[in-house]
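Please look over the sequence and the structure before reading the points below.

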Amino acid sequence: MEKQVLRITVNSEYHELYIKPKRLLVEVLRDELGLTGTKKGCNTGACHACTVILNGKTVKSCSVLAIQADGGEIKTVEGLASGAELTPLQKSFLDHGAYQCGFCTSGMLLSATALLAENSKPTVEQIKEGIHGNLCRCTGYNSIIRAVKAVTEGKYEEGSQ
Amino acid sequence: MIRDFIYLKANTVEEALDLIDQHKEDYKVICGGQSLLILMRQGLVAPEHLIDIKSVEELNYIQFDEKEGLRIGATTTHRTVELSPLVLEKFPVLVHMEENLASIQTRNWGTIGGNLCHGDPAGDPGPVFMALNGAVKIASKQKTRTLTLDEFFIDYFETVLEEGEILLEVRLPPIPPRTAVVYEKFNIIKNDQGIISVAASITLNNDGLSCNDARIVIGAAAPAPIRAKETEKLLIGEKISKGLLEKAGEKASEEADPVADIHASEEYRRHLVGVLIKKMVEKAWEQAKAQVK
Amino acid sequence: MTKFNVINTPIHNVDGIAKVTGRAVYTFDVNLPHMLHGKILRSPYPHAKILNIDTSQAEALTGVKAVVTGKDTLGVKQGIWRRYKELCDEEILARDKVCYIGEPVAAVAAVDEDTAEEALDLIEVEYEPLSAVFEPLEAIKEGAPLLHENAERNINVTRHIEWGDVDEAFKQADYVREDWFRCSSQAHVCMETHCAVADYIPEGKLTVWTSTQSHYYIKVLLSDVLGLKENDIRVISRYTGGGFGSKFELDSAQFCSSVLSMKLCKPVKIVLSREEEFMATKRRTPMFYYLRSGVKKDGTFLAKEARVFTEGGAYTAMGATALYLTGFFQSFPYVWPSYRYDGYRVYTNTAPTSAMRGFGAPQATFCAETQIDLIAEELGIDRIDIRRKNAMYADYEVPGQATIQSCGLSECLDRVEEWIKDRGKLPPHHGIGIAAYGFMSGGIFNWFNTPYAFSSAVIQVNVDGKVDLFIGSQDMGQGSNTTMSMICAEELGVRVEDIRLHMGDTDKCPVDLGAWGSRETLMQGNAVKMAAAEAKKQILKYAAAKMSPNIVYDLDIKDRWVHLLARPERGLSYFDVVKEAIRGKEGQPIVARGHYTPHRKGMISPAYSFGVQAVEASVDSDTGKVTLKNCVTAHDCGQVINPLGLQGQLEGAIAMAAGYGFIEDLPMDEGKILNPNLVDYKILRTTEMPETTVMGVTTYEPEGPFGAKEAGEGLTNPTAGALANAVFQATGTSIKELPITPEKILNALRERNKREKK
Ligand SMILES: Cc1cc2nc3c(=O)[nH]c(=O)nc-3n(C[C@H](O)[C@H](O)[C@H](O)COP(=O)(O)OP(=O)(O)OC[C@H]3O[C@@H](n4cnc5c(N)ncnc54)[C@H](O)[C@@H]3O)c2cc1C
Ligand code: FES
Ligand code: FES
């Protein structure tokens with residue numbers, strides 16, 4: 001099958017790739033670009049471990065054809081921190097033990113990042129709904145909710161540490 | 001495993017219809033792919049040509065006009081509907097429905113058109129649009145037609161769409177005065193597909209007491225969402241009472257035709273129909289009454 | 001100065017930054033040059049003879065590099081019960097017959113996953129279907145189809161536990177109650193599915209990256225089935241995306257990738273799909289439970305009799321241990337003067353059942369705690385009082401089985417009772433249910449037949465004072481990497497950041513049996529503590545020589561300060577002492593070893609955790625739907641090591657155990673699992689999770705490092721029972737069958753209404 005050109009910007013880096021049109025976004029990110037921070041827990045759209053931000057909105061990268069993201073801007077977990085400087089959410093996840101095995105963590109972080117970009121002061125209910133799709137088998141979620149909440153309370157603003 | 005296909009991207013409706021026409025012997029339309037890709041992965045769908053309408057911007061709109069009502073283009077995402085101030089003002093039930101539909105990620109990429117055309121009897125928009133007396137505009141290269149949503153769903157994952165046709169938009173007439181429309185689904189995990197869902201539209205007479213019109217739709221209780229017409233008849237002309245609600249619940253659970261699966265027995269589903277009908281009719285009735293005052 | 005410098009301080013996990021930045025490389029992320037991808041062909045029949053397998057078409061497909069079947073294996077029957085050969089009953093690739101849907105039959109390696117998958121369709125297997133049996137109570141009947149020749153009536157293992165004069169005690173009882181319970185299955189649902197990358201090189205050595213709870217077990221089990229020497233195999237597992245009991249037996253990704261790699265001398269990666277994960281990896285053991293209890297009018301427990309039939313599935317797996325532990329923990333956490341348990345594990349043509357978090361104890365606790373509430377109700381005794389009256393206590397001896405050294409159960413009961421009182425009057429249709437529980441801190445069992453110590457650790461202190469800690473334990477998310485770093489830092493007198501941890505690699509790390517049975521904190525912890533103590537001793541020798549204190553003074557190290565215990569201000573920098581010590585040792589770093597194997601600690605475990613949980617739930621009387629509101633747990637895990645870790649373990653356990661209580665199940669039709677995906681298999685999401693409160697009850701466990709014991713699995717034990725009791729409180733009906741679905745509740749309510757009308 002004819003490969004097609006795919007032009008995407010991932011974590012501010014522009015890529016031009018040739019892919020089969022059936023390739024899913026998650027496969028391109030992981031296998032072509034080596035961004036293995038994006039995980040896959042089901043490949044059927046149910047677990048949301050593969051969440052990335054595409055053009056400002058979260059999507060499940062296992063449920064989007066890569067070619068459909070052509071021309072798009074993508075953020076993955078690797079694009080959150082800048083150098084050693086973690087984002088407030090990443091710091092808060094650490095402090096609140098909001099991860100255990102860590103396999104859902106990338107997806108959680110991206111869902112939470114998008115949530116806070118849309119609404120910087122969500123209620124607990126809104127936090128729950130914002131990350132509702134993301135399954136976590138380890139934590140029971142409450143630590144994740146506390147971590148997001150702490151960020152909204154300004155505990156991780158620049159210079160507050 | 002997804003089989004290889006030839007990928008064709010349409011940017012306009014015209015392009016889409018042309019592409020479909022050219023490849024009508026073996027094609028499939030993809031929009032958000034939230035449902036389609038699952039089927040393709042299972043090998044249940046393996047088209048030679050995949051025609052992508054996701055970027056057809058001319059179908060990405062929500063418009064309202066006092067006479068015509070609301071029009072939602074097929075490629076509008078669930079999330080756009082959910083966050084639309086216009087929708088919130090004119091058709092709040094849609095916002096409520098969307099907030100409880102799958103995850104944000106699914107709503108960010110999945111579309112209204114794709115949802116309807118997937119024809120899942122447990123889908124949420126279908127019953128609500130039916131209760132709202134909605135219609136759909138459908139086009140092929142040869143013709144354009146408009147159908148009511150009542151006519152749209154045929155069977156499990158089957159709609160009236162014919163080869164070569166795509167759905168262009170959903171039309172919802174303005175909600176008549178003294179009318180309230182409500183929707184709820186029963187599930188164990190929030191935002192899961194409903195084990196049973198019920199949408200109810202109740203219009204009251206000027207007296208604010210008796211029912212002038214009712215549209216009651218049940219989802220996940222038959223091969224397609226169904227109008228509970230006998231239940232509607234039973235309500236029209238009546239005043240609300242415990243007894244009436246009780247009867248409506250009973251009637252609707254007779255009208256439903258659910259099947260057992262791993263999530264619920266047939267009997268339990270029928271029971272849920274009764275429970276939800278009572279709850280929804282009462283809720284719509286009260287909201288409609290509040291408008292009269 | 002506080003007692004501890006490191007322990008009991010909440011810290012983030014030592015591998016946390018790697019996890020929140022996406023840099024943690026799981027097996028799922030391992031990609032090697034020239035790597036091939038494998039897929040596994042599985043049986044579509046629950047029971048069938050294999051007449052012939054034709055792989056020629058698959059082999060001919062472009063891109064396919066190899067196809068293997070049972071003929072390419074040594075035909076060894078393997079299993080984790082290596083001391084008992086008759087219980088090693090599972091072939092890696094079935095040769096003559098298959099016994100469950102999903103059993104591996106062949107495997108393919110190809111240039112990519114899609115090609116491998118396509119090749120599976122081209123393998124032709126000729127089966128002769130055999131009659132099959134799915135339910136243990138059917139399978140045990142005379143004349144039922146037999147799965148294994150040597151297992152009459154399909155009985156795989158039986159277990160008997162008895163103490164006291166049970167029959168006599170029943171005669172003394174004022175009240176006797178009997179109930180039947182049914183406990184459902186549950187899938188582990190690790191977010192990282194089972195996966196492995198095997199790389200065999202012509203020199204005869206095999207390296208396997210895999211997602212596992214025990215790299216040591218996998219190494220040995222692979223050596224059993226591949227005919228390689230144990231130490232020609234290296235197993236690497238740095239990050240594991242969840243385990244919960246599903247990842248310490250040999251799995252199909254591991255052996256199929258190994259067999260293929262040995263054939264091709266190329267790396268082969270196999271990742272199980274979520275569907276395979278549901279259908280063909282192991283799962284929680286479903287149990288039919290008969291319980292008869294005899295008590296005095298005042299609620300004093302006299303005698304208990306339990307009989308259990310477990311659905312074993314097609315092979316033994318870890319099921320024999322689950323059978324034992326469910327019997328043992330059925331008596332927990334109470335003093336039963338007489339007790340008799342008979343357990344039967346029955347083979348069925350279903351996917352094998354095995355270990356899952358709690359290991360038979362959640363089933364036991366559900367049944368026991370539900371029945372205790374019914375007894376209390378009948379006798380009109382307060383449900384906390386009846387538990388308090390019969391609670392285990394420190395130094396209690398479970399006759400012939402175990403000695404309980406530390407036990408904070410009574411305090412846990414007090415704390416939960418207080419909470420319930422504070423909660424005050426509940427809204428209508430709300431109920432608070434409670435359940436008490438206990439669990440082991442690592443098993444004493446050695447069915448694996450290891451000649452090594454159960455846990456070992458090695459420490460190397462380098463010239464700059466930085467410490468290399470080598471451990472065999474496996475962190476699958478439960479945080480043992482952090483716990484071990486903390487124990488090491490505390491004992492040695494340094495900070496956690498001074499430690500570089502080496503784990504997850506059999507070539508570099510000493511043996512540990514792995515992360516199961518809640519054994520790491522106690523067993524690996526003791527080994528680490530011993531190694532650190534030994535290293536410290538060596539350092540202090542040099543310090544003593546240098547400081548030449550009065551001989552009556554003891555030296556110690558705390559927070560990088562080597563000092564006189566009695567005069568902490570008199571001391572030297574740890575870094576300086578280490579530097580000089582190494583110089584004085586002809587440049588040899590300070591190396592120390594530690595190990596732990598339980599001796600004379602009874603039959604089960606060196607130590608036991610205890611706790612009490614209260615679950616508040618509301619029940620919608622129209623639909624039977626349950627909403628979890630609060631979950632409050634008082635847990636005695638000895639000395640808490642990392643409070644953050646404890647809370648995480650507890651909340652995670654609640655989510656999993658509440659799921660077991662009210663939604664999770666693996667319904668089957670003729671041996672076929674009907675919900676092998678994450679849409680139809682429901683697990684809790686954020687919105688279903690109740691508020692959680694953890695009340696740590698601290699005791700000192702003499703056998704544990706710094707007094708610590710388990711806080712991982714035990715926490716899964718109470719929730720289903722507490723939930724059942726909450727439903728009982730809210731509705732007056734008791735559901736004895738898991739999961740407690742809305743439909744079951746509604747039916748029970750209707751039954752009750754019918755009865756009341758009559
Ligand atoms: C985990 C999960 C949970 C979900 N939960 C819910 C839920 O609770 N409630 C609910 O209602 N839905 C639910 N869905 C389904 C989902 O909302 C919709 O089916 C989805 O949004 C469809 O939109 P799409 O654009 O992705 O369609 P696609 O997947 O692209 O298409 C679906 C079908 O419609 C056809 N199609 C698409 N657009 C058109 C068009 N304009 N004209 C003609 N044919 C077209 C395609 O050919 C295909 O057959 C869930 C989905 C997932 C994956
Ligand atoms: S991998 Fe599970 S939703 Fe994408
Ligand atoms: S941390 Fe393991 S799945 Fe969330």
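This is a predicted model: local features need pLDDT of at least 70, side-chain atom pairs count only at pLDDT 80 or more; totals for chains, interfaces and linings use all residues.

Residues are numbered from 1 along each chain as its sequence is written, chains are lettered from A and ligands numbered from 1 in the order in which they are written, and side-chain values use heavy atoms, with hydrogens and water left out.

**Interface of chain C and chain A**

- Contact, meaning heavy atoms within 4.5 Å, links 50 residues of chain C with 44 residues of chain A.
- The size of an interface is often given as the accessible area lost when the parts come together.
- Between chain C and chain A the buried area is about 3,900 Å², and carbon and sulfur atoms give 57% of it; buried area is the accessible area (1.4 Å probe) that two parts lose on being put together, summed over both.
- Six salt bridges are counted between chain C and chain A, a salt bridge being a side-chain nitrogen of Lys or Arg within 4 Å of a carboxyl oxygen of Asp or Glu.
- A:R23 and C:D114 form a salt bridge, with 3.5 Å between the closest N and O atoms.
- There are 26 residue pairs in polar contact between chain C and chain A, both residues being at pLDDT 80 or more. A polar contact is a pair of N or O atoms within 3.5 Å; within protein, one must be able to donate a hydrogen and the other to accept it, and residues adjacent in sequence count only if both atoms are side-chain atoms.
- On the side of chain C that touches chain A, the elements giving two or more residues are α1 (16-20), α16 (643-662) and β34 (691-697) of chain C. Helices (H or I, at least four residues) and strands (E, at least two) are DSSP runs, numbered from the N terminus.
- With eight residues, α16(C) provides the largest share of the side of chain C that touches chain A.
- That side of chain C consists of 21 nonpolar, 19 polar and ten charged residues. Here Ala, Val, Leu, Ile, Met, Phe, Trp, Tyr, Cys and Pro count as nonpolar, Asp, Glu, Lys and Arg as charged, and the others, Gly among them, as polar.

**Interface of chain A and chain B**

- Here 28 residues of chain A are in contact with 28 residues of chain B.
- The area buried between chain A and chain B is about 2,400 Å², with 54% of it on carbon and sulfur atoms.
- Four salt bridges are counted between chain A and chain B; A:E118 and B:R79 meet in a salt bridge with an N to O distance of 2.6 Å.
- Across this interface, 16 residue pairs are in polar contact, both at pLDDT 80 or more.
- The elements giving two or more residues to the side of chain A that touches chain B are β3 (51-54), β4 (57-60), α3 (105-118) and α4 (124-130) of chain A.
- The largest share of that side, four residues, belongs to β4(A).

**The seven-stranded sheet of chain C**

- Strands of a sheet pair through backbone hydrogen bonds, either parallel or antiparallel.
- Seven strands of chain C form an open sheet with mixed pairing, in the order β3-β7-β1-β14-β11-β12-β13. Two strands pair if DSSP finds at least two bridges between them.
- Because β3 (64-69) and β13 (233-236) of chain C stand at the edges with a single partner strand each, one side of each is left without a neighbour in the sheet.
- Strand β11 (195-201) of chain C runs antiparallel to β14 (268-271) of chain C, and four bridges join them; C:A198 stands opposite C:V268 in β14(C).
- Helix α3 (113-122) of chain C lies across β1 (36-42), β3 and β7 (104-110) of chain C, at about 25 degrees to β1(C). Axes are lines fitted to C-alpha atoms, for helices over the stretch in contact, and angles run from 0 to 180 degrees between N-to-C directions.

**The three-stranded sheet of chain C**

- An open sheet of chain C has three strands in the order β26-β27-β28, with antiparallel pairing.
- Helix α14 (520-547) of chain C packs on this sheet and touches β26, β27 and β28 of chain C.
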